[in-house]
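The following report describes the secondary-structure elements of one protein chain and the way they are arranged. The sequence and the structure are shown first.

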Amino acid sequence: GKEFLKLWHYHPELELVYIVSGKGTLYVGDFIGNFESNNIFLIGSNVPHMFDSSKSFEGESTSIVVHLNHDFLKKLSTLGEEFNYINSLILLSNRGLKFNTKESEKFKNLFLELSETSPDEKVLQTLKILYRLSLIENLAKLGSIEWLEQINMTDERMNTIIEFVMMNFKNEIHLNEVAEMVAMNKTAFCRYFKHNTNKTFINFLNGVRINYACKLLKEKNTSNSISMACYNS
C-alpha cells in the first residue's frame, strides 16, 4: 500500500527488513530515527518496533520482510564454526540493527531473488543474505539495553500502556486516561508503572517526546528550529 501499517508490536521471530521504497520514522524500543529506501534492518526476538511512513513520501511504500525462527537459528549456530556468524547476528539484533551499507543495490538484488525463489531455496538465500550482512562493519545499534531489559512487554498491561504512548505521544495525554485504560486508579497506576520501569509515567512520556525532538533536529533536509521540534513533539 501507499504507507506501511503503523503498528507498535513485537514477536518471537527475528525480523529482517529491506525497504524497497519509502521513508518515515522507525521506532525500536526507545530508539526513534529515520528509515528510507534501501535501508536494511534486523530486529531481534520480542523487540518492540514500528515503521511509521512519512506523509510527504510520494509513491508506494514497499518492503521485503522475512521472519526468522529464533530457535531454528540458535540450533543452526551450534552446528559448526561456519555458522558462528548467525549467533553474532542474533546477539546484536537484541537491540535492533541498521546496516549502513554502500552496497545496497547488491542487497536489493539478493532480497528480490529471495521473494521469487521456491520455499526450499528461501532458506539458503536467507542464510546467504545473513552471511553477507555479518561482514558489514558499519552497524548502528538502535534501542538501549536498559530500556529493552527493564520493560517487560509480555506483561499485557505494560504492553497496552507503552503501545498507547508510542501511538499517541504527539498528542496531549492525561495520566487519568491511561490509568483508566488498564483498569487502575491513578495512585495504583503510578506505583505499578514506577515499579516496572524505574520511571514515573510523566518522565517516561517526556523521554519519548525528547527522543522524537532529537530525531527532528538531526534530519539533514530539515528547517526545524529547536522551538519547532519541541512543538512537533
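## Helix α9

In this predicted model, the buried residues of α9 are Phe201, Phe204, Leu205, Val208, Arg209, Tyr212, Ala213, Lys215 and Leu216. An α-helix has 3.6 residues a turn, so residues three or four places apart point the same way. The length of α9 agrees with expectation, because 18 residues at 1.5 Å a residue should span 26 Å and the end C-alpha atoms are 26 Å apart.

## The three-stranded sheet

Strands β2 and β3 belong to an open sheet of 3 strands, ordered β3-β2-β5 with antiparallel pairing. The edges are taken by β3 (31-36) and β5, each of which has a single partner strand, so one side of each is left without a neighbour in the sheet. From one strand to the next, the twist averages 25°.

The antiparallel strands β2 and β3 are joined by 6 bridges. Within this pairing, Ile32 in β3 stands opposite Tyr27.

Helix α6 covers residues 156-168. Its 13 residues should span 18 Å at 1.5 Å a residue, and the distance of 18 Å between the end C-alpha atoms agrees with this.

Which residues of α6 are buried? They are Met158, Asn159, Ile161, Ile162, Phe164, Val165 and Met166. These buried residues pack against strands β2 (23-28) and β5 (49-53), and also against the helices α5 (145-150), α7 (175-181), α8 and α9 (201-218).

## The α6–α8 crossing and Asn196

The axes of α6 and α8 come within 12 Å and cross at roughly 95°; the two helices are therefore roughly perpendicular to each other. On the α6 side, Arg157, Met158, Ile161 and Ile162 take part in the meeting. Their counterparts in α8 are Phe189, Tyr192, Phe193, Asn196 and Thr197.

Asn196 lies in helix α8, which comprises residues 186-197. Is Asn196 buried or exposed? Its relative accessibility is 18%, and because buried means under 20%, Asn196 counts as buried. A polar atom of the Asn196 side chain lies 2.8 Å from the backbone oxygen of Tyr192. Neighbours within four places in sequence aside, Asn196 is in contact with Gln150, Ile151, Asp155 and Met158.

## The five-stranded sheet

A further open sheet has 5 strands in the order β6-β1-β4-β7-β8, and its pairing is antiparallel. Strands β6 (62-68) and β8 (139-141) stand at the edges with a single partner strand each, so one side of each is left without a neighbour in the sheet. On average, and with direction ignored, neighbouring strands of this sheet are turned by 20° against each other.

Strand β7, residues 97-99, pairs with β8 in the antiparallel sense over 3 bridges. The bridge partner of Lys98 in β8 is Ala140. Helix α3 (residues 104-116) lies across β1 (14-21), β4 (40-43) and β6, and runs at about 110° to β1.

Notes:
Residues are numbered from 1 along each chain as its sequence is written. This is a predicted model: local features need pLDDT of at least 70, side-chain atom pairs count only at pLDDT 80 or more; totals for chains, interfaces and linings use all residues. Side-chain values use heavy atoms; hydrogens and water are left out. Helices (H or I, at least four residues) and strands (E, at least two) are DSSP runs, numbered from the N terminus. Buried means under 20% relative accessible area, exposed over 50%, partly exposed in between (1.4 Å probe, protein chains only). A polar contact is a pair of N or O atoms within 3.5 Å; within protein, one must be able to donate a hydrogen and the other to accept it, and residues adjacent in sequence count only if both atoms are side-chain atoms. Contact means heavy atoms within 4.5 Å. The expected span of a helix is 1.5 Å times one less than its number of residues. Two strands pair if DSSP finds at least two bridges between them. Axes are lines fitted to C-alpha atoms, for helices over the stretch in contact, and angles run from 0 to 180 degrees between N-to-C directions. Angles under 35 degrees count as roughly parallel, over 145 as roughly antiparallel, 65 to 115 as roughly perpendicular and the rest as oblique.
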